[in-house]
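Subject: Structure handover

Hello,

Here is the structure we talked about. My notes on it follow below.

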Amino acid sequence: MPANLSPQYLDAEKRYRQAKQPPERVRALEEMLALIPKHKGTEKLQADLKRRLSKAKAELERRPATKRGTGIYVDREGIGQVVLVGGPNVGKSALVRRLTNAKPEVADYPFTTRRPLPAMLEFENVKIQLVDLPAVAPGLVEGWVLGIIRNADRILWVVDLGSDDLLEQVETTETLLVQAKMLPGGAQGSVELTEPGQVMKRTMIVGNKADLPEAPDRFLLLQEHVGGRFPLLMVSALAGTGLEKIGHQLYEALEVLRIYTKAPGKAADFSHPVSLPRGTTLLEAAEVIHKDFAAKLKYARVWGAGKFEGQRVHRDYMVHEGDIIEFHI
Ligand SMILES: Nc1nc2c(ncn2[C@@H]2O[C@H](COP(=O)(O)OP(=O)(O)OP(=O)(O)O)[C@@H](O)[C@H]2O)c(=O)[nH]1
Ligand SMILES: [Mg+2]
């Protein structure tokens, strides 16, 4: 046994020995292979790992798909839940680390993340929930990961602009989602559902690792390939570039609006918006704020973009982004 194996390698090896299922075995072996020092002294061990990996992969292919319902969920918080989806090592966790106060583990070997991690992205005066997830890869995605993706409001699809096989990577992830009956699309109505159980998942693509020299060319390639099907951003979690646009884009994609309530004779509280789906009426807004409110609602006064200062409106009034509303019951 070569003496210079890193603690991370030994940790992966421990997980390999404890693994009961083929996906865990494959993940651990991939990690061990990535982490093993590459020199003459480890050649035998490397060959051995490769042999075990192909055996574990073959086993994986013979296995029926994992069932859903393992009971791993993430409660929705903030104005919407956005899950980070992508292949191994693309920088999902690095992005969550940059964009929020959460501290997911970031490492240069694949399948670092093994559990969902919810985090909060602050955009202006609202909070958008980001959920860091394990990588998705053929045969290596657990049912509960797909369940969480299906349940989320939006997908933030992360791709690695440093990767030589970028387009292959994109296709692999898309195929995986489609097989799980989730059709990614950039806008409402942009994909056609053809099979029972299929759902459309609103998706935005983020090309990460913009700091790498090959990234700008790869991003053009990605743009060409995607051809306007999805909103696209080029960012670097490492250098911190392009990130400021993510909050705004996600806010737009979530299609919510903010209103502010005020009491008669008092000023509005702009630090506590009420977020509502676009197309909400005054009555529906009142219901969200307080059940009693809706039952007793007589009228409201509105200050904001849609109406003149303090104009009286009634229950079928469509609320607008930024409206200040004084409910009268
Ligand atoms: N150059 C560069 N490297 C990055 C960037 N973002 C992440 N990385 C590196 O890419 C590797 C993987 O980052 P992670 O954030 O762990 O990737 P992940 O997608 O969460 O990976 P898994 O959890 O294994 O699926 C790490 O070595 C990071 O330091 C970036 O913007 N630029
Ligand atoms: Mg990760």
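Helix H1 (residues 7-18) and H2 pack with their axes within 8 Å, crossing at roughly 160°. This is a predicted model. An angle over 145 degrees counts as roughly antiparallel, and H1 and H2 are therefore roughly antiparallel to each other. H1 passes H2 in a left-handed crossing. On the H1 side, the meeting residues are Gln8, Tyr9, Ala12, Glu13, Arg15 and Tyr16. On the H2 side, they are Glu24, Arg25, Ala28, Leu29, Glu31, Met32 and Leu35. By class, the contact of H1 with H2 has seven nonpolar residues, one polar and five charged.

Proline 7 lies in helix H1. Is proline 7 buried or exposed? Proline 7 is exposed, because it has 8 other C-beta atoms within 10 Å. The C-alpha atoms of proline 7 and leucine 35 are separated by 9.7 Å, and these two residues are 28 apart along the chain.

The axes of helix H2 (residues 22-35) and helix H3 (residues 43-62) come within 9 Å. They cross at roughly 155°. H2 and H3 are therefore roughly antiparallel to each other. Their crossing is left-handed. H2 brings Pro22, Pro23, Arg25, Val26, Leu29, Glu30, Met32 and Leu33 to this contact. H3 brings Leu49, Lys50, Arg52, Leu53, Ala56, Lys57, Glu59 and Leu60. The contact of H2 with H3 holds ten nonpolar and six charged residues, and no polar ones.

There is one more helix pair to look at. H6 and H7 pack at an angle of about 40°, with their axes 10 Å apart. H6 and H7 are therefore oblique to each other. The crossing of H6 and H7 is right-handed. Leu166, Leu167 and Val170 of H6 make the contact with Arg218, Leu221, Leu222 and His225 of H7. In the contact of H6 with H7, five residues are nonpolar, one is polar and one is charged.

Next, the buried helices. Six of the eight residues of H4 are buried, so H4 is largely enclosed by the rest of the structure. Those buried in H4 are Lys92, Ser93, Ala94, Leu95, Val96 and Leu99. What do the buried residues of H4 pack against? They pack against E1, strand E2 (117-123), E3, E4, E6 and helix H8 (244-254).

Helix H5 (residues 143-151) has its own buried residues: Trp144, Val145, Leu146, Ile148 and Ile149. The buried residues of H5 pack against strand E1 (81-85), strand E3 (126-132), strand E4 (154-160) and strand E5 (182-185).

Now the ligand. How many residues surround ligand 1? There are 23, and the closest are Gly91, Ser93, Asp108, Thr113 and Ala135. Helix H4 (residues 92-99) gives the largest share of the shell around ligand 1, with three residues. By class, the shell around ligand 1 has eleven nonpolar, eight polar and four charged residues.

Most residues other than glycine have a negative phi. Lysine 181 has a positive phi of about 65°, although it is not a glycine. Lysine 181 sits in the loop between helix H6 (166-179) and E5. Lysine 181 is partly exposed, with 15 other C-beta atoms within 10 Å.

Lysine 209 also has a positive phi, of about 75°, and is not a glycine. Its place is in the loop between strand E6 (199-208) and helix H7 (215-226). Is lysine 209 buried or exposed? Lysine 209 is buried, because 24 other C-beta atoms lie within 10 Å.

Last, the overall picture. The secondary structure of the protein comes to ten helices and twelve strands. The C-alpha trace spans about 80 × 40 × 35 Å along its principal axes. Of the 329 residues in the protein, 34% are buried. Take the contacts between residues at least 6 apart in sequence: 60% of them join residues at least 24 apart.

Best wishes

Conventions. Residues are numbered from 1 along each chain as its sequence is written. Chains are lettered from A and ligands numbered from 1 in the order in which they are written. This is a predicted model: local features need pLDDT of at least 70, side-chain atom pairs count only at pLDDT 80 or more; totals for chains, interfaces and linings use all residues. Axes are lines fitted to C-alpha atoms, for helices over the stretch in contact, and angles run from 0 to 180 degrees between N-to-C directions. Helices (H or I, at least four residues) and strands (E, at least two) are DSSP runs, numbered from the N terminus. Angles under 35 degrees count as roughly parallel, over 145 as roughly antiparallel, 65 to 115 as roughly perpendicular and the rest as oblique. A crossing is left-handed if the near helix is turned anticlockwise from the far one by less than a right angle, and right-handed if clockwise. Two residues are in contact if their C-beta atoms, placed from the backbone, lie within 7 Å. Ala, Val, Leu, Ile, Met, Phe, Trp, Tyr, Cys and Pro count as nonpolar, Asp, Glu, Lys and Arg as charged, and the others, Gly among them, as polar. A residue is near a molecule or strand if its C-beta atom, placed from the backbone, lies within 6 Å of it. A residue is buried if 20 or more other C-beta atoms lie within 10 Å of its own, exposed if 12 or fewer, and partly exposed in between; C-beta atoms are placed from the backbone.
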